[in-house]
Amino acid sequence: MNELLFEVLRAVIVLAVVIVVRYAVPYLRLKVEESQYAWIVQWAEIAVKSAEQTIFGDGSSAEKKAIVTKLLKDMLIKKNISISDEQLNSLIEAAVYAMKQDKRIELSAVESATGGETV
């Protein structure tokens, strides 16, 4: 009787381990990747806004992009996160687009508040 109980308990434990490995590990990996992606997107937005506000005058957009790219690559290396250059470029371009859209929204709000007159 004890041997039968032991074998059933062993089978339940093996089944539980298989279920954890099959479902929990991929789920946890997905959550980690999502949090890493959110972190990268957040820092891309911060870096783009920072470059836009701090580099004036003859700072071209290519120079700003190079600075942002270097900063983000350095941060990704420190965090041991690898993404392709194309993915990084897309994130930077998306952050620039979002920043420009925010400026347009702010400008239209100011224009509507002043009755269409520029301040």
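Visitor: How much space lies in the largest pocket?
Guide: In this predicted model, where local features need pLDDT of at least 70, side-chain atom pairs count only at pLDDT 80 or more, and totals for chains, interfaces and linings use all residues, the largest pocket holds about 220 Å³ of space. A pocket here is an open set of points on a 1 Å grid over the protein atoms alone, with protein on both sides within 12 Å along at least five of seven lines, and its volume is the space filled by probe spheres set on points joined across faces, edges and corners.

Visitor: Which residues line the largest pocket?
Guide: The lining, meaning residues with an atom within 4 Å of a point, is made up of Val48, Ala51, Glu52, Ser61, Lys64, Lys65, Val68, Ile92, Glu93, Val96, Met99 and Lys100. Residues are numbered from 1 along each chain as its sequence is written, and side-chain values use heavy atoms, with hydrogens and water left out.

Visitor: And how do those lining residues divide, nonpolar, polar or charged?
Guide: Six are nonpolar, one is polar and five are charged, where Ala, Val, Leu, Ile, Met, Phe, Trp, Tyr, Cys and Pro count as nonpolar, Asp, Glu, Lys and Arg as charged, and the others, Gly among them, as polar.

Visitor: Which element gives the most to that lining?
Guide: Helix α3 does, with five residues, although α1 (2-54), α2 (61-78) and α3 (85-113) each supply at least two. The chain has three helices and zero strands, taken as DSSP runs numbered from the N terminus (H or I of at least four residues for helices, E of at least two for strands).

Visitor: Switching topic, how many cavities of 30 Å³ or more are there?
Guide: The count comes to one, and the largest cavity has a volume of about 30 Å³; a cavity is a set of grid points where a 1.4 Å probe fits but cannot get out.

Visitor: What lines the largest cavity?
Guide: Trp39, Ile40, Trp43, Leu72, Met75, Leu76 and Leu88 line the largest cavity, and the elements that give two or more residues to this lining are α1 and α2. By class, the lining of the largest cavity has seven nonpolar residues, with no polar and no charged ones.

Visitor: Which residues does threonine 69 touch?
Guide: Threonine 69, which sits in helix α2, touches Leu88 and Ile92 if residues up to four places away in sequence are not counted, a contact being heavy atoms within 4.5 Å.

Visitor: Last one: asparagine 80, buried or exposed?
Guide: Asparagine 80 counts as exposed because its relative accessibility is 71%, given that buried means under 20% relative accessible area, exposed over 50% and partly exposed in between, with a 1.4 Å probe and protein chains only. Asparagine 80 is in the loop between α2 and α3, and its phi is near 60°, a positive value in a residue other than glycine.
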